[in-house]
Amino acid sequence: MKDCLWDVPAHFPQMTGDDIHLWRAHLDEAYGNESLITRISADERCRADRLQKPGDRALFVLAHTMLREVLGCYLGLTPSEIMLETGACGKPRLAWQHGSSLQFSLSHSGRLALLGISQRREIGVDVEAAVPHDDLANVAAHFFSPGERTALARVGDTDRSDLFYMLWTRKEACVKAWGKGLQIPLHGFSVLPSTDAWTESPILCPDVDTQTLGYCRSVPVPEGYAAAVAVAGSGSRLSCRHWSAVSLRQR
Ligand SMILES: CC(C)(COP(=O)(O)OP(=O)(O)OC[C@H]1O[C@@H](n2cnc3c(N)ncnc32)[C@H](O)[C@@H]1OP(=O)(O)O)[C@@H](O)C(=O)NCCC(=O)NCCS
């Protein structure tokens, strides 16, 4: 998986039409960094304040700081100049005033935040802390396709949680890419890998209006997490980078 080394880049990367850039941030690097809260919008600060758990609040602030800083670097703007708007089913996007074709998707869970950026192509990313769950079969009965349920039933006890979170993050990434929320039922499509989890699997959006063909694949993240990316179309080039609040602050 040479495309997923998560290096801290020495220079901000250029993006061409077929590039997909993934950025990841870790909460352990952000604790004590009081300046992060000043880099997000007033609306985002209100949303952060509404979160009960300090860890959730800190991760939200980190994720939104990464979002604004990274989008700002692509667009040549400061974080506070980034304007966001929301699509019909809640998918955030760059405000039309930017006149940009950059697309993004954000996810945060546990102590990790993941951001996917593309040029024009719809993109969705999902990261989940793989917390132990007593009743995976019951969740799968509601949200997984028949083929996914069979695969989960067949796998040994020790691998069941890994497979569950692999499928779950792939499904969430697809739904986030399509941007129609839960109008597209999770059990109505399968994200079982065609070869291994790290190779692109073709996925057809089951929505009659869109019928978007794209792919999803898992991406490696630290132990205890699962993550995936889904992108419309084919022939894109994925690369992964670590976003460090400290290194950007010192630039
Ligand atoms: C919103 C949703 C994508 C969140 O997923 P999650 O795994 O709980 O959380 P994640 O951290 O992975 O993703 C959260 C991010 O997804 C993005 N997001 C929110 N709504 C989204 C949507 N409809 N499509 C794509 N991305 C969305 C936001 O950037 C959000 O970050 P923020 O809360 O910090 O602003 C998921 O709960 C969902 O699809 N809900 C359906 C909403 C819906 O169907 N609404 C019906 C209206 S038609």
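The model is a predicted one.

**Strand E1 and its two faces**
- In a regular strand, the side chains alternate between the two faces of the sheet.
- On one side of E1 sit Asp19, His21, Trp23 and Ala25, and on the other Ile20, Leu22, Arg24 and His26; both faces are covered, and all of these residues are buried.

**Partners of E1**
- Strand E10 (residues 237-242) pairs with E1 in the parallel sense, over six bridges.
- Within E10, arginine 241 is the bridge partner of tryptophan 23.
- Strand E5 (residues 112-119) runs antiparallel to E1, and seven bridges join the two.
- Within E5, alanine 113 is the bridge partner of alanine 25.

**The largest cavity**
- The largest cavity contains about 70 Å³ of space.
- Its lining includes Glu122, Cys174, Trp178, Thr212, Tyr215 and Val231.
- Helix H5 (157-178), strand E8 (213-218) and strand E9 (225-232) are the elements that each give two or more residues to this lining.
- By type, the lining of the largest cavity divides into nine nonpolar residues, two polar and one charged.

**The second largest cavity**
- The second largest cavity has a volume of about 30 Å³.
- Ala25 and His26 are among the residues lining it, along with Glu29, Leu62 and Trp243.
- Five nonpolar, two polar and one charged residue make up the lining of the second largest cavity.

How values were computed
Residues are numbered from 1 along each chain as its sequence is written. This is a predicted model: local features need pLDDT of at least 70, side-chain atom pairs count only at pLDDT 80 or more; totals for chains, interfaces and linings use all residues. Side-chain values use heavy atoms; hydrogens and water are left out. Buried means under 20% relative accessible area, exposed over 50%, partly exposed in between (1.4 Å probe, protein chains only). Helices (H or I, at least four residues) and strands (E, at least two) are DSSP runs, numbered from the N terminus. Two strands pair if DSSP finds at least two bridges between them. On a 1 Å grid over the protein atoms alone, a cavity is a set of points where a 1.4 Å probe fits but cannot get out, and a pocket is an open set with protein on both sides within 12 Å along at least five of seven lines; lining residues have an atom within 4 Å of a point. Grid points are joined across faces, edges and corners, and a volume is the space filled by probe spheres set on the points. Ala, Val, Leu, Ile, Met, Phe, Trp, Tyr, Cys and Pro count as nonpolar, Asp, Glu, Lys and Arg as charged, and the others, Gly among them, as polar.
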